[in-house]
Amino acid sequence: MKKLLLVAVLAIFGVTTSNAQVKKTVKKVAAKKEVAPAKVDSPKVDGAGMFFENETIDYGTLPKNADGKREFVLVNNGNKPLIISNATGSCGCTVPTWPKEPIAPGARAVIGVKYATDRVGAFTKTVTITSNAEGQASKVLTIKGTILGDDNSKETPKG
């Protein structure tokens, strides 16, 4: 990102280059921006990396039996393939899915999670991701929210 910014600054303010050369540099910078995989700047890692755009999903308040599927988006911010070996929910009501194939450096991937919205009340659950990420073999993600009962009152959650 710093290199990209430096190229952009040099392209704008120039180092005695012709107008055609500046246009080529600006086009290259624009092309690199479009390829950027993450919405959030992620620190670079030597080895496999795992950077999440968001580590908590707030379901908000939902009616009973609403769609409980959500997604965590991650980017491999390292220079080696990221392999997710497991993803586990903190209870049976939280079921994660994850990519089984290696995630290339710079590539994005999705960790899906489905919460059982037939359980009425407030909830906070976790999903633990196990991988070969450098310096963090496991990562804990959080989901939270409130499921309303049939009478729209907040009840104590089951399980």
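A salt bridge is a side-chain nitrogen of Lys or Arg within 4 Å of a carboxyl oxygen of Asp or Glu. Side chains of opposite charge can pair when their charged atoms come close.

May I first state the conditions. This is a predicted model, in which local features need pLDDT of at least 70 and side-chain atom pairs count only at pLDDT 80 or more, while totals for chains, interfaces and linings use all residues. Residues are numbered from 1 along each chain as its sequence is written, and side-chain values use heavy atoms, with hydrogens and water left out.

Let us begin with the fold. In sequence order, the pattern is α-α-β-β-β-β-β-β-β-β. Of the contacts with a separation of 6 or more, 65% join residues 24 or more positions apart, where contact means heavy atoms within 4.5 Å.

Next, the sheet. An open sheet is formed by 4 strands in the order β1-β3-β6-β5, with antiparallel pairing. Because β1 (51–52) and β5 (94–97) stand at the edges with a single partner strand each, one side of each is left without a neighbour in the sheet. Two strands pair if DSSP finds at least two bridges between them; β5 and β6 (residues 108–115) pair over 4 bridges. In this pairing, Thr97 stands opposite Gly112 of β6.

Now to the salt bridges themselves. In one, the side chains of Glu53 and Arg108 meet at 3.6 Å, N to O. Glu53 lies in the loop between β1 and β2 (56–63) and Arg108 in β6, so the pair ties together parts 55 residues apart in sequence.

In the other, Glu55 and Lys139 meet through their side chains at 3.0 Å, N to O. Glu55 lies in the loop between β1 and β2, and Lys139 in β8 (residues 138–148), so this pair ties together parts that are 84 residues apart in sequence.

Are these residues buried or exposed? Buried means under 20% relative accessible area, exposed over 50%, and partly exposed in between (1.4 Å probe, protein chains only). Glu53, at 23%, is partly exposed, and Arg108, at 39%, is partly exposed. Glu55 counts as partly exposed at 35%, whereas Lys139 counts as buried at 16%. Across the chain, buried residues make up 33% of the 159 residues.

Technical notes. Helices (H or I, at least four residues) and strands (E, at least two) are DSSP runs, numbered from the N terminus.
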